[in-house]
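The following questions and answers examine selected features of the structure shown here.

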Amino acid sequence: MTDASGLPPHELTRLERAIDRAANRVLVGAPARGVRAVLVECSVFLLKQAWACIFGALLLVVLVAARLWYPDDAILARNDALTIAAVVIQILLLVFKLETGRELWVILLFHVTGTVMELFKTDVGSWAYEGDGILRIGAVPLFSGFMYAAVGSYMVRVYRLHDLRFARYPSRLVTTVIAALIYVNFFSHHFIVDLRWVLLAAVLVVWWRTTMHFRVYRVTLRAPLLLVFFGVATFIWFAENIATWAGAWLYPHQEAGWELVSPQKLIAWFLLMIISVVMVTWVYPPREPEAREAPEARE
């Protein structure tokens, strides 16, 4: 038996089950066809996406609030306040059972992976943080790792909320090798030839046939996985523009005054999505769509 989320109840957290029961009461009389049915599906999809983004959304709100209202002469440095706020958000998610223990391991892995990259990238001048605060490693404030953790949080939550299934998903060994090479290239291209375009071509070849099936409310939709990767990368790029405007970090071209983050960063975020998805698949192995879903799926 499944609920409004399309998932067995045991795959939801305690609070999510309570929300789902309330949603069932509201949607019990929703029509199965017509314009109203489409509006219901669109509304549920948007609400699920918002719920999946809760960690990143709260962190972005904190960054913007700190930019607008945090006093420059405060005893506690702004970066330290951001780090403490990020820790509090993470603790609250755990206390209120919004994350499972298995998901926490993925998020921690994102945190470590991102912090290592931050240490290197700031050292070579790819971007920079303000120098205040003591909660830092070298030139990297500790809140930076939580921004990668926010991506991990979204990935694992959306996997549950939409009961993701994948048709023709490639071998996890092959995808892991590609993800590892992408991660290495983020470092090595500063010293040797940049292989991002070769790796991008490899991604297109390996994943081009893969289709993602995701349940909304009554219907299960499907979309090319590469298109989904690009869509999420674009969303992160928009969030990155807000974060740099808020002064979370700055790229070299923004030091004289804020400017839009280069659209070329979309390629970097797209490749980072590959690393993200591969890490999640080692906790949640990709599942094939169930046979009963095929007739219901819509393009």
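Q: How far apart are the end C-alpha atoms of residues 140-159?
A: In this predicted model, the span 140-159 is 85% helix and 10% strand. The unreviewed UniProt entry includes these residues among those listed as "transmembrane region". The distance between the end C-alpha atoms is 30 Å.

Q: What share of residues 195-212 is helix?
A: Residues 195-212 are also among the spans that the unreviewed UniProt entry lists as "transmembrane region". Their end C-alpha atoms are 27 Å apart, and 11% of the chain here is strand. The helix share is 67%.

Q: Which element gives the largest share of the nonpolar patch?
A: The patch covers about 1,000 Å² of surface, and its residues include Leu15, Leu76, Val88 and Phe96. Two elements give two or more residues to it, helix H1 (14-27) and helix H4 (78-95). The largest share, 6 residues, comes from H4.

Q: Is Asp163 buried or exposed?
A: Asp163 is placed in the loop between helix H6 (143-161) and strand S3 (165-167). Its phi is near 45°, a positive value in a residue other than glycine. The relative accessible area is 5%, and because buried means under 20%, Asp163 is buried.

Q: What is the relative accessibility of Arg168?
A: Arg168 is in the loop between S3 and helix H7 (172-188). Although it is not a glycine, Arg168 has a positive phi of about 60°. It counts as partly exposed, with a relative accessibility of 41%.

Q: How many residues apart in sequence are the parts tied together by Phe120 and Phe191?
A: The structure holds 13 aromatic pairs. In the pair of Phe120 and Phe191, the ring centres are 5.9 Å apart and the planes are at 65°, so the pair is edge-to-face. Phe120 lies in helix H5 (residues 101-123) and Phe191 in the loop between H7 and helix H8 (196-207), so the parts tied together are separated in sequence by 71 residues.

Q: Which residue in helix H8 pairs with Tyr169?
A: The partner's ring centre is 6.5 Å from that of Tyr169 and the planes are at 80°, so the pair is edge-to-face. The pair links distant parts of the chain, 38 residues apart, with Tyr169 in the loop between S3 and H7.

Q: Which ring lies under Arg172?
A: The ring centre is 4.3 Å from Arg172, which lies over the ring's face. The ring is that of Trp282.

Definitions and conventions: Residues are numbered from 1 along each chain as its sequence is written. This is a predicted model: local features need pLDDT of at least 70, side-chain atom pairs count only at pLDDT 80 or more; totals for chains, interfaces and linings use all residues. Side-chain values use heavy atoms; hydrogens and water are left out. Patches are made of residues with over 30% relative accessible area and no salt bridge: like charges are joined within 9 Å, nonpolar side chains (Val, Leu, Ile, Met, Phe, Trp, Tyr) within 5 Å. Accessible areas come from the Shrake-Rupley method with a 1.4 Å probe; for residues, only the protein chains shown count as cover. A salt bridge is a side-chain nitrogen of Lys or Arg within 4 Å of a carboxyl oxygen of Asp or Glu. Helices (H or I, at least four residues) and strands (E, at least two) are DSSP runs, numbered from the N terminus. UniProt positions are given in the numbering used here, feature names are shortened, and annotations may be inferred rather than shown by experiment. Buried means under 20% relative accessible area, exposed over 50%, partly exposed in between (1.4 Å probe, protein chains only). Rings of Phe, Tyr and Trp (its six-membered ring) pair if their centres lie within 6.5 Å; planes under 30 degrees apart count as stacked, over 60 as edge-to-face and the rest as tilted. A charge sits over a ring if NZ of Lys or CZ of Arg is within 6 Å of the ring centre and within 35 degrees of the ring normal.
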